[in-house]
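Visitor: I would like to go through a structure with you, in short questions and answers. Please show it first.

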Amino acid sequence: MYARFATGFPALLRYRVTAEEAHAELRRRLATREEAFLRVVERGVFGHPASPYRRLFAHAGCTMGDLDQSVRSRGLEAALRQLREAGVYVAYEEFKGRMPIVRGGLELPVAAGDFDNPFLGAAYQQTSGGTTGIGTRVMIDLDNLRARAPLQLVEDEAHGMLGWPLGLWRGVLPDLGLNNALRRIGYGPGPERWFTPVGPRDLRPGLEFRLATAYVLGISRLCGYPLPRPEPVPLEQAAVVARWVAETLRARGRCALRAYVSLLVRVAAAAREEGLDLSGAVFGGGGEPPTPAKVAEITRCGARYFPGYSVSELGRVGVACTRPAELNDHHLREDHLAVVQHPRAVPGTSLEVDAFLFTTLLPSAPKLAINVESDDYGVLEQRDCGCPLAALGLRRHVRGIRSYRKLTAEGMTLVGSDVLRLLEEVLPARFGGSANDYQLCEEEDPRGFTRLVLRVSPRVARVDEAGVVDAVLEGLRAPSPASDLARATWRAAGSLRVRREEPVWTERGKLMPLDLAGARQRRGRG
């Protein structure tokens, strides 16, 4: 893997794309989406006997010829919806390798690696998300870095930040900071500063991740594309990042910063506390919904904000609209993804949402996805907003994005199935009560910070709240780099609080480990 990076990286650095070439490449990809999908499926599914999709297609009675005819006669999205009805899809837990695929008489055990692109020459690996189960390794290919450069350029151009000084406040491997540090390859310099929110005192990544980070940084310098060394900046020292932004603005008149939304809120709050005016700066980031409170806190310091929407295994899903209908409004990245929706019941409630299903179109995609659920839902629509991205052909929008199975804080996510044992067995055994006495929910404080609140029934006597917090965080320390990253981040941020109140039951009389319905109602997700 390291040898492939060492030999391929210099060639990648010689690649250059101009704005005109990026526009042309985007239009070409949009015009050939159907052909791209059929080529990926023919090679990566029907040409790959070990693919789990091959079994799904066979179970649905769909051959490559049938698929070709359906796509060409119906269109790509209509064909994907027909496949979903026939059982050709992959649920979130299946894609993570946590449960087998079950469709009628078919039961297919799967692992996360079964969905890796079999033709990918991986250069390095990162771990997806911050969920508390087994993290999903995502292979990053140098060809994929090159393939996504034109759209990264288009995004920077649309938001008026081409060539701007860039700073990152993102974690090192297994977090996605390295991926962000390499995002401008092909059209611009790397970041000038790389701050990491979780340092050695909170988390010490495995040796393989430390070696990989050092290796990539060393090779980048030798190849003439120097990346900055990560600088540990704890969450409570956000003023360090705010001062760098302010100094850069004074010296050069412009500055861009990328981080999770909650980290951007911390930088903005620190700037206001120190009397720093960050007018002229652009803050970009995702990881959690950009609620009105979060965006208001960011813009009070003078910075402009635009959201990001990515799925670790699939890459960027959307590019932020410059004339948005709401805070979280994106142009769908139809150059490399197809998205359809399908009704999905919210666990424990009578609510039903139109869940997103994703399909990859590029042969360099790290994962092969065909109708893969991500547990996200929202509004998918075609709208001509009049912004530069629409003029280039990106006319489908995705907005109002929420999750129906996950809680998020500081960019780290928590899935209900991952905490069942913790809430139903570990806490009752240690502190008393039963599985009905503990529940997690997500709330936003007045400053826009997302907190995870653990409800503990007043029936449970003599609860040491600090001890409960420690027990929950240590319970997340699973044999997974992603879960350990989430634990360290939440401990450093003080994200978890204990509240003595009765857990909230659903309208169907169920007690869910995560109170997702309540979170939606409080935020107007409905």
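Guide: A definition comes first: a residue is buried under 20% relative accessible area, exposed over 50% and partly exposed in between, using a 1.4 Å probe on protein chains only. The model is predicted, so to speak of local features a pLDDT of at least 70 is needed, side-chain atom pairs count only at pLDDT 80 or more, and totals for chains, interfaces and linings use all residues. Residues are numbered from 1 along each chain as its sequence is written, and side-chain values use heavy atoms, with hydrogens and water left out.

Visitor: Is Lys367 buried or exposed?

Guide: Lys367 is buried, because its relative accessible area is 1%.

Visitor: What does the side chain of Lys367 meet in a salt bridge?

Guide: Its partner is the side chain of Asp116, at 2.6 Å from N to O. A salt bridge here is a side-chain nitrogen of Lys or Arg within 4 Å of a carboxyl oxygen of Asp or Glu.

Visitor: Where do Asp116 and Lys367 lie in the chain?

Guide: The pair links distant parts of the chain, 251 residues apart. Asp116 is in the loop between strand 2 (106-108) and strand 3 (122-127), and Lys367 is in the loop between strand 15 (352-360) and strand 16 (372-382). Helices (H or I, at least four residues) and strands (E, at least two) are DSSP runs, numbered from the N terminus.

Visitor: How many salt bridges does the structure hold?

Guide: There are 34. Another is formed by Glu155 and Arg316, whose side chains meet at 2.7 Å, N to O.

Visitor: Which residues are linked with Glu155 and Arg316 in a network?

Guide: Asp156, Arg183, Arg184 and Arg258 are linked with them through salt bridges.

Visitor: And what does Arg29 form a salt bridge with?

Guide: Arg29 pairs with Glu25, the closest N and O atoms being 2.8 Å apart. The two residues lie in helix 2 (residues 19-31), four residues apart, about one turn of the helix. In general, an α-helix has 3.6 residues a turn, so residues three or four places apart point the same way.

Visitor: Why does Arg29 count as buried?

Guide: Arg29 counts as buried because its relative accessibility is 7%.

Visitor: Turning to the strands, what order does the open sheet have?

Guide: The order of its seven strands is 11-12-13-17-16-15-14, with antiparallel pairing. Two strands pair if DSSP finds at least two bridges between them. Strand 11 (309-311) and strand 14 (337-345) stand at the edges with a single partner strand each, so one side of each has no neighbour in the sheet. On average, neighbouring strands of this sheet are turned by 45 degrees against each other, direction ignored; axes are lines fitted to C-alpha atoms, for helices over the stretch in contact, and angles run from 0 to 180 degrees between N-to-C directions.

Visitor: How many bridges join strand 11 to strand 12?

Guide: Three bridges join them, and the strands run antiparallel. Arg316 in strand 12 is the bridge partner of Ser310.

Visitor: What about strand 13?

Guide: Strand 12 (residues 315-320) is joined to strand 13 (residues 329-332) by three bridges, again antiparallel. Val319 has His331 of strand 13 as its bridge partner, and His331 has His397 of strand 17 as a bridge partner.

Visitor: Which strands does helix 6 lie across?

Guide: Helix 6 (residues 76-85) lies across strand 14, strand 15, strand 16 and strand 17, running at about 35 degrees to strand 14.

Visitor: On packing, which residues of the largest nonpolar core touch the most other members?

Guide: Phe37, Tyr53, Phe57 and Leu67 do, out of 46 residues. The largest share of this core, six residues, comes from helix 3 (residues 33-46). Such a core is a set of buried Ala, Val, Leu, Ile, Met, Phe, Trp, Tyr and Cys residues joined through side-chain atoms within 4.5 Å.

Visitor: What is Tyr53 in contact with?

Guide: Leaving aside neighbours within four places in sequence, the contacts of Tyr53 include Val45, Phe115, Leu368 and Val372. Contact means heavy atoms within 4.5 Å.

Visitor: Finally, how many of the residues of the protein chain count as buried?

Guide: Of the 526 residues, 61% count as buried.
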